[in-house]
Amino acid sequence: MLTAIGTMVTAAEPEGGGSHWTLTMIVVLPLVSFVLCGLCAAFKVKSKLPAWITVASLAAAFVFTLMAFMNAGPMIAAAGAEHGAEHAAASAEHAGHLTVHVFDWLNFDWGGGKSSSGRFDADFGFYIDGLTLLWMLFVTGLGTLIALYASEYMAHDVGLGYCRFFAAFSLFVLSMSCLVMASNLLMLFFGWEGVGLCSYLLIGYFYKKPAAVAAAKKAFIVNRIGDLGLLMGILGVYAAFGTVQYDKVFEFIHKGVDAGGHPLTTSSWIPVILPLLLTAGAFGKSAQLFFYVWLPDAMEGPTPVSALIHAATMVTAGVFLIARMMPLYTIDPAHTILTFVAWGGTITAFWAATIGMAHFDIKRVMGYSTASQLGYMFAGLGVMNSAGGAAHVFSHAFFKATLFLACGAVMHGFAGQLDLRKLSGVRKLPGWKIVAAAMFFGALNLSGVTFTAGFWSKDLILASSFEQSPAIGWILLITAGLTAYYTFRAYFRVFEGPVYFEPGDEVHGHDEHEDHAGHGHDGHGEESHAHDGHAQGHGHGGEFHPHAPGWAINTVLATLVVGCFAIIPLVGFAEHGAWVGKMVGASSAAMHGGEEGHGTFLGMNPHSVMYYVSSVVGLLGIAAAWWLHLAGRTSAAHANADKLEPALGPIVTWARHKWYVDEFYDAVIRIPLKFLSNIFYLLDQYLVDGLVNLTGFVPKGLGRLIRPSQSGELHGYALGMAGGLAVLILIVLMVAR
């Protein structure tokens, strides 16, 4: 293993020569962490050593990512600014990129030079451009912070489980790095399947919990459906261009021909079928349209998993795939598949928001919020504003990780309690000020309040949506209002109002210093005691005292809040040439379609008025949440919103049951398949196996009949011969007559 790692480091060379070992270290360090965590498990380490190994490795990987950005970023951004506006369909060679060859991976040919000969090349290497650097900054940066958070959150499982968690955590970052930095589609698929495996392992981390096991299997199966589309798309790309290397594929697209020299615009399948197959993979991984059902259930995994995999990184892989392959999507002048992507994202954004409004489990609310915000990102790509989509990916990674980790801190301190109706006034408890502040600022960003990072990135998508398709724009604008409402609904219910709390199902024992949270009290937490008599929760016959988070959780939350403000200059005004806009434009000029729509917002230029419109809509959503869930509230369980439910009829019930989509899938897909499988099982058991068994039974039965005659006794044989002779004589006499 060490020899292989050394080979990877020393073999990294760019196309123009020289060494880029720093890029290889970004991948090597998570691999080293994975191996060391495995060794910790083998040697039965019962300390937090796996956590510190993971934190140190990912922090070093983040430093190397910054070094790569400082060295390559300005060159890429300058190349993108110079060529991006001039070449609407430019290939990667005109957009500014760096291809690094690490080692030969899959290289073979066939045909021996005959006319039917062919060759397949897929090297292990990196394609470094603005898009790559943008993703890797938050993959490694947030990975480091969340690993530090998990060191405290998972302290209850120090030992084999602790090693297993951080090994899978490191393997995930390794796989995500391969996915993002890949120089070809096959290496991307390698990382793609790796993050799917890690998602399965981490969602089902509590493998003795049936709900977690079911959620892990559901995520794995649903993702495999989308992955089939991606695999077929990769094979289709090879069939069309004779290669899966990005730079060569983009070169063919730039020239407007396939591998056979035929014009792409006259092809009947390349401009439509290939993007459609890739979109299936992207929708599966990023929980869009019919594939979103796995993401909310994935909240059964530990909160650090939800924050890293299902909010900040893995679920954005689909967005990355479409952004990376945007030149392929723009071959079709009618943008058929991009229109489908835009509408798919828009419907998902609105649909998931309506469910998030009705749920009371705070983590599931954030899960549906993630699906909704991913819809915004896909809509941004679909309406040709890749800068807005990428900017929203970047800002969303920070503020959604903040929200998830704040929710996890609440779950950690209140024995797994996440019901909005059983928590209230948490901000007023000693030791919870940082968590409350993190939740508040994260909610502001998610709601798109003016001058937050979320405001700038979401505004870009909304303006372009109205410009390209007013119908999409209106749906997304309404969704923005719903988002502000359900986000502050969660904040107002949990952190404001009268102080009240009940422990969750994971409370154990009566001692206030025990692990009431079910996640372990590692000695860093400060016990908080409510002084209001109505604030006391009781668990298992004793008084329950929640424990506030320790230094690790508070440090991470405070850092993320600072990060949400620090990235504002990076995502703000991205369409006017700020950092994210330059980075994305540099990755592929074709990511900006170069076409301006003719839609307006009530007759006005969307890019001029959307700043004000989206701000008003967001504030209206927050005001509605304040009136319905905070104003006049005297208990945790009841609010003004309860009075509206009768007027809404069955709509609230339908939304709380997730519009019965899971039940629909159960009735239309699972039950019929189970019924058919039982029928085929019976056919296999009684017909197929029956015929096979009959074939074996016939000679076996004949053998049983004949066996008594072969006893080995001479007098028995003599008697048989006499009997046989008598039968023959009888037959002869009968024939003679």
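A contact is defined here as heavy atoms within 4.5 Å. Among the contacts in the protein with a separation of 6 or more, 78% are accounted for by residues 24 or more positions apart. The structure is a predicted model, in which local features need pLDDT of at least 70 and side-chain atom pairs count only at pLDDT 80 or more, while totals for chains, interfaces and linings use all residues. Residues are numbered from 1 along each chain as its sequence is written, and side-chain values use heavy atoms, with hydrogens and water left out.

The secondary structure comprises 28 helices and seven strands, taken as DSSP runs (helices H or I, at least four residues; strands E, at least two) and numbered from the N terminus. Of the 737 residues, 58% count as buried, meaning under 20% relative accessible area with a 1.4 Å probe and protein chains only; exposed means over 50%, and partly exposed lies in between.

The largest nonpolar core contains 199 residues. Such a core is a set of buried Ala, Val, Leu, Ile, Met, Phe, Trp, Tyr and Cys residues joined through side-chain atoms within 4.5 Å. Phe126, Trp135, Phe241, Leu328 and Met439 touch the most other members of the largest core. Helix α17 (residues 386-413) gives the most to this core, with 16 residues. Residues up to four places away in sequence aside, Met439 touches Ile362, Met366, Leu403, Ala406, Cys407, Ala490, Tyr491 and Phe495. A second, separate core has 18 residues, including Ala349, Leu462, Ala463 and Ile472.

Helix α16 spans residues 362-382. Its 21 residues reach 30 Å from first C-alpha to last, close to the 30 Å expected at 1.5 Å a residue, where the expected span is 1.5 Å times one less than the number of residues. Because 21 of the 21 residues of α16 are buried, this helix is largely enclosed by the rest of the structure. At its start, a side-chain oxygen of Asp361 lies within 3.0 Å of the backbone nitrogen of Lys363. Met384, which follows α16, has a positive phi near 75 degrees.

Helix α20 (residues 470-495) has 26 residues and should span 38 Å; its end C-alpha atoms are 37 Å apart, which agrees. In α20, 21 of the 26 residues are buried, so this helix is largely enclosed by the rest of the structure. Just after α20, Gly497 takes a positive phi of about 85 degrees.

Thr140 is found in helix α5 (residues 130-153). This residue is buried, with a relative accessible area of 1%. Apart from neighbours within four places in sequence, Thr140 is in contact with Ile26, Leu58, Ala61, Phe62 and Thr65.

Notes: Polar contact = N/O pair within 3.5 Å; in protein donor to acceptor, adjacent residues only side chain to side chain.
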